[in-house]
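Here are a few exercises to work through with the model open beside you. Try each task before reading its solution.

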Amino acid sequence: MYFFYNIFTNLAIIISPVIIIYRIFKGKEDVKRVGEKFCIYSQKKNKTKIWIHAASVGELMSIVPVIQKLEKNKKIKNILISTTTTSSAKIFKKLRLKKTTHVYFPLDNNYIVKRFIKYWSPELAIFIDSEIWPNMFRNLKLNNIPIIIMNARITERSFNKWQIFPSFANQVFRNISLALPQNIETLNYLKFLRIKDIKSAGNLKYYSQKNNQSDESKLLKHKFKNHKVWCAASTHNDEEILIGKLHKKLKKNEKKLITIIIPRHVNRTNEIIDTLNNIDLNCITHSSNQKLQKDTDVYLVDSYGESSKFYNLTNVCFVGGSIIKHGGQNPLEPARLGNYIINGPNVKNFKEIYAFLNNLKISSSTSNILKMENIILKKLKTKIPNKSIKKITTIGNDVLEKNLFYINKYLI
């Protein structure tokens, strides 16, 4: 099966210029750094102790606490982090990490991944979430470089895809040295895929460092001090129209209400503004730095990596990807920052986390606008109990320490 996979990746290389030009036009590629996907680098190489691959913003943010801890280890001189998206590269620049270098993940072509491994020569490779790359895994194994899949997530859908070619799946997954699944579902799938070493370490997204006192956070609190605020986060197409209609209902009871919308994909900003304007809502964007007006309805966050600043302004948050059939988005960050969570019924991607929040009685599932309205009006007045936040924080600290423990075993 590797033979056919390599034919496919070779064909992908041939047509890749056309695809990349299209992606550059769409703003999904960095024209100055696109060569990195073919292992063409402008920066000097360093001897890499650890290489971590995190696909995009969510995976990158989940691994930041781990990187910050590893950077304090005097034995580790250099860390390499790779991602695939321009948005994650922009977030990386804001992190100001001292020992860590960022590159774009290379195309999973046999020749290119060999160049990547030879160039960076990592001693340990860590892949976050659901990043499984057949050629990269095989060549890392051939070079005796241990592979850890951390915060591993295998969904029913992805598992079924791997089972179409069970022999190929076995060839790919047997290269993994250690798997650290984020939930029981993934653990069971990984056992079925015959990974030899599996350890339960929990979901890294339970952990987060608080940074609520930054100057920008204080400025935002001052900006919204005369308004009631609630938040709709990680929204997808067709969800903003529901949030807009819900805002109009809420404003009948809360005259000074502002709805903050943090879309999952900020490249949809103009589309969202048009949608809201069509139902007579006034919207301003975060990047515009405009002052709030008396008739401002929606404050649209059109930048990545700033969500926590807005969760600190409110007590209740709708988490998107759950009204549409997407499977939901991670609700832990707003919950950890004191928000009661409202979600739609489609949360299969995070069902264990939502069950945990529901047991703490700090979340509700509904797609009914009237029910959402009643919950928001009630929860605007009170934060969730500190004991609930403490439980999330305790789990997060434990998860971080477990993951670091297993990494350090490979660094001795």
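**Exercise 1: a residue and its partners**

Ile342 has Ser364 as its bridge partner in β13. The model is predicted, with local features needing pLDDT of at least 70 and side-chain atom pairs pLDDT 80 or more, while totals for chains, interfaces and linings use all residues. Residues are numbered from 1 along each chain as its sequence is written, and side-chain values use heavy atoms, leaving out hydrogens and water.

**Exercise 2: the whole sheet**

Task: work out the order of the strands in the open sheet of 7 strands.

Solution. The order reads β9-β10-β8-β7-β11-β12-β13, with parallel pairing. At the edges are β9 (283-285) and β13 (363-365), each pairing on one side only. Neighbouring strands are turned by 20 degrees against each other on average, direction ignored. Now zoom in: β7 (residues 228-235) and β8 (residues 257-263) pair in the parallel sense over 7 bridges, and Lys228 has Leu257 in β8 as its bridge partner. Helix α10 (residues 239-250) packs on this sheet, touching β7, β8 and β11 (316-319), and its direction makes about 170 degrees with that of β8. Here contact means heavy atoms within 4.5 Å, and angles run from 0 to 180 degrees between N-to-C directions of lines fitted to C-alpha atoms.

**Exercise 3: two helices**

Task: describe how α4 and α5 cross.

Solution. Two packed helices are described by the angle and the distance between their axes. For α4 (residues 110-120) and α5 (residues 134-142), the axes come within 9 Å and cross at roughly 45 degrees. The helices are therefore oblique to each other, since angles under 35 degrees count as roughly parallel, over 145 as roughly antiparallel, 65 to 115 as roughly perpendicular and the rest as oblique. Last, list contacts: residues of α4 including Val113 and Phe116 meet residues of α5 including Met136 and Leu140.

Methods
Two strands pair if DSSP finds at least two bridges between them. Helices (H or I, at least four residues) and strands (E, at least two) are DSSP runs, numbered from the N terminus.
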